[in-house]
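Take a look at the sequence and the model before reading on.

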Amino acid sequence: RSRTIGELLAPAAPFDKKCGRENWTVAFAPDGSYFAWSQGHRTVKLVPWSQCLKNFLLHGTKNITNSSNLRLSRQNSDGGQKNKPREHIIDCGDIVWSLAFGSSVPEKQSRCVNIEWHRFRFGQDQLLLATGLNSGRIKIWDVYTGKLLLNLVDHTEVVRDLTFAPDGSLILVSASRDKTLRVWDLKDDGNMMKVLRGHQNWVYSCAFSPDSSMLCSVGASKAVFLWNMDKYTMIRKLEGHHHDVVACDFSPDGALLATASYDTRVYIWDPHTGAILMEFGHLFPPPTPIFAGGANDRWVRSVSFSHDGLHIASLADDKMVRFWRIDEDYPVQVAPLSNGLCCAFSTDGSVLAAGTHDGSVYFWATPRHVPSLQHLCRMSIRRVMPTQEVQELPVPSKVLEFLSYRV
Amino acid sequence: MYVKLISSDGCEFIVKREHALTSGPVKTMLSGPGQFAENKTNEVSFREIPSRVLSKVCMYFTYKIQYTNSSKEIPEFRIAPEIPLELLMAANFLDC
């Protein structure tokens, strides 16, 4: 269909070597203040997001010399100000496979969490960056100062994904090729609280539901698991994919779960019932299960839900980024991207960032859309109500179907 | 230029005609061929929509007109926790 306008480029510093440059992960801080990406070669770059955006807008209209002047002046003005966010390059000492920002400020009004600080300062909003490394080690950094705070050692293999609970409790979950997920309490000096076992193979990715009550983990051998994060038990296994499942993301109201797989598909599930609600294919005609289960050149690498709960973005090996609306079968916008590995929406949903094989990050303006009042109400209701409760509501069946995202 | 939307409990909301036309059914009721009384008086009565819901609907009309086809960032549209279900029913009826 149509191409995106407003494509913004931010190439990372060039490196010569062929491998070790991969950008496996990109992340935005929950309050939108920072953007981080693994630059390859064991470093992570942290940039203040608003300055980054300003630079992009200026790149488009002015020439290169002007923008380098801007960079210089930014460094000078940063000198004396403590509160202004600064750029950092962090050397992690090992290949970085995963990144996650953790904030002591809850993203949304969800469960009440009684926060007591031991190591960290009282009354200060803590912003942390967790980096998952090739060796299985996890390093926790302070975003404002760039200093190393904690070293979490327990995984025996690559830490492929990291995610913080969105309720500000600083609970971190790590997913590893050692077939386990581990739950760490960063308020308690990084104490490891639980090991989640159940995967028979590599765990590729994990994601918390917005109310922090559920965790989804996906992995090799078609695995999609849902865990109860109050009791740390497995709720159910979601069956349907034909190949390794490599990415997952919840919708902002927690009513939908998107999973991306090497079987060329993105599935949208109802996490409360386990039913598949929608399917987004990247190969036409859709492949047979045998083809889907092998090397089909259309592996979907990443999927991300936008903040309006209506759009998702997917990255596939056919060198395309696609933006989909959840109520349409075909993508609303596409853009070319070679060797894309990971993607993430910015905190306000206006920009999609995608990391590539050579350590660069590319940005696109996301499709802007005023949601219907019906959808806004649906999100408001589904934030606090699982599907089972929705079924009990005294409303006409057409409205029930709409609320269950079954239209 | 302006139309009047009347809630079930008798509150009258005066909104720009262009805003009210966000809703297909309202548009039909206001511009249909003479069958509807509303056509003559530029008024629509909603016997099932209470004022607390209709007021929010009017706010949505403004929100939609303001941010559609605009380059400004779209802010969150807040919905108080007591009304989303009734608001959904009204929005469903009004197809907006």
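Predicted model: local features only at pLDDT ≥ 70, side-chain atom pairs only at ≥ 80, totals over all residues.

Residues are numbered from 1 along each chain as its sequence is written, chains are lettered from A and ligands numbered from 1 in the order in which they are written, and side-chain values use heavy atoms, with hydrogens and water left out.

**An enclosed helix in chain A**

- Helix α4 of chain A spans residues 373-382. Helices (H or I, at least four residues) and strands (E, at least two) are DSSP runs, numbered from the N terminus.
- Buried means under 20% relative accessible area, exposed means over 50%, and partly exposed is in between (1.4 Å probe, protein chains only).
- The buried residues include A:L373, A:H375, A:C377 and A:R378.
- Their cover includes α5 (387-390) and α6 (397-403) of chain A. It also includes α4 (51-67) and α5 (84-94) of chain B.
- A:R378 also lies over the face of A:F402, at 3.9 Å from the ring centre. A charge sits over a ring if NZ of Lys or CZ of Arg is within 6 Å of the ring centre and within 35 degrees of the ring normal.

**Aromatic contacts**

- There are 19 aromatic pairs over all chains. Rings of Phe, Tyr and Trp (its six-membered ring) pair if their centres lie within 6.5 Å; planes under 30 degrees apart count as stacked, over 60 as edge-to-face and the rest as tilted.
- A:F28 and A:W49 form an edge-to-face pair, 4.8 Å centre to centre, with 85° between the planes.
- This pair links distant parts of the chain, 21 residues apart. A:F28 is in strand β3 (residues 26-28) and A:W49 in helix α1 (residues 49-61) of chain A.
- Both A:F28 and A:W49 are buried.
- One aromatic cluster is formed by A:F28, A:F35, A:W37, A:W49 and A:F363.
- Elsewhere, the charged end of A:R177 sits over the ring of A:W202, 3.9 Å from its centre.

**Chain B**

- Chain B has five helices and three strands. From the N terminus on, their order is β-β-α-α-α-β-α-α.
- Of its 96 residues, 41% are buried.
- B:Y2 lies in strand β1 (residues 2-6) of chain B. B:Y2 is partly exposed, with a relative accessible area of 46%.

Key. Contact = heavy atoms within 4.5 Å.
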